[in-house]
Structure formats: structure tokens, C-alpha cells
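Hello,

Here is the structure you asked about, with the sequence. My notes on what was found in it follow below.

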Amino acid sequence: GNRATPMGIFTLDFGFGTAPNPGGGLPYVQVGPDHWWDGDMQSPTYNTMQVCKEAQCPFDTDPSSGTENLHIPQYKHAVVMGVNKARVPGNGGAFFVHTTDGGPTAGCVAIDDATLVQIMQWLRPGALIAVAE
């Protein structure tokens, strides 16, 4: 995520990860080196997953733009939180529940991979997450 963790209730829209689909009811995308979360506020696809070769992406792929390459160990498994679904620039994006690497996150929720897989297997379309202080 690229802002403080939002408070409230959010949809859990789909899963993704570098690992194969662990099963469950949500759509799942297995990601590779060409999968990005567009953090470029000038881009028409801001705050969505995009697939492109880095040199050919139509948005800024520099990490300083807020764009993230999704092919990283912390995204072995992840679930997209429906934060800023209107994709308003400046309201934040790239909020995921994802595998922990033991370090802090920038607005995301990170838990151990085995627990995350269990949750993903249990989730169904329409699932919500409540984030409280």
C-alpha cells in the first residue's frame, strides 16, 4: 500500500500471488515479472493490476510513482482489498492482505503464509474485511 492503512470495511475482490492458486472462492491471478499494480496517478489504469513488459508499460513503473511489481516474495499469496475503488488520485492504492516477510508494511495487512492460504481457501465472493485501529 502507499498510504497509512485505511480504517473501515472493504471488499476482498480477488487473490493473486507468485504461487499457484491455493483454492477457494475468489478469482485468482498467478503473477510473474510482467504483473504490476499501477500506482501512477496520471495513468488511466491507476490502482489496478496491469500486465506488460516494463519497457512497454503505458504508465510509470518507477517505484517512486507508487507502482509496484507484483513478482516479489511478499506476494507469494495476496488478496486485493477494495480501497479507493473509484481510483481517485491521492486516495491511495495497492492495499493487499499478503504474506509477511517479518518486516513492516506500508498500509497493507501481512500475515504468515500458511494462515493466509487457509483464509483464501475459505473466502467467497462478497467477502469483506474490517480494518480497525
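Cys57 is buried, with a relative accessible area of 12%. Cys52 also counts as buried, because its relative accessibility of 12% is under the 20% cut-off. A disulfide joins Cys52 to Cys57, with an S to S distance of 2.0 Å. The link is right-handed, with 100 degrees about the S-S bond. A search of the whole structure finds one disulfide. Please keep in mind that this is a predicted model.

On the aromatic side, the search of the whole structure finds five aromatic pairs. One of them is Phe16 with Tyr75, edge-to-face at 5.5 Å centre to centre and 75 degrees between the planes. Phe16 sits in strand S1 and Tyr75 in the loop between strands S5 and S6, 59 residues apart. Tyr75 also pairs edge-to-face with Phe96, at 5.3 Å centre to centre and 90 degrees between the planes. Phe96 is in strand S7, so this pair ties together parts that are 21 residues apart in sequence. Both Tyr75 and Phe96 are buried, and Phe16 has 0% relative accessibility. One aromatic cluster takes in Phe14, Phe16, Trp37, Tyr75 and Phe96.

Then the nonpolar cores. The largest has 15 residues; Phe10, Leu12, Val79, Met81, Val97, Leu123 and Ile129 touch the most other members. Strands S1, S6 and S9 and helix H1 each give two or more residues to this core. Apart from it lies another core of twelve residues, including Tyr75, Val80, Ala94 and Cys108. Leaving aside neighbours within four places in sequence, the contacts of Val97 include Leu12, Val79, Met81 and Ile129.

Regards

Notes:
Residues are numbered from 1 along each chain as its sequence is written. This is a predicted model: local features need pLDDT of at least 70, side-chain atom pairs count only at pLDDT 80 or more; totals for chains, interfaces and linings use all residues. Side-chain values use heavy atoms; hydrogens and water are left out. A nonpolar core is a set of buried Ala, Val, Leu, Ile, Met, Phe, Trp, Tyr and Cys residues joined through side-chain atoms within 4.5 Å. Buried means under 20% relative accessible area, exposed over 50%, partly exposed in between (1.4 Å probe, protein chains only). Helices (H or I, at least four residues) and strands (E, at least two) are DSSP runs, numbered from the N terminus. Contact means heavy atoms within 4.5 Å. A disulfide is a pair of cysteine sulfur atoms within 2.5 Å. Rings of Phe, Tyr and Trp (its six-membered ring) pair if their centres lie within 6.5 Å; planes under 30 degrees apart count as stacked, over 60 as edge-to-face and the rest as tilted.
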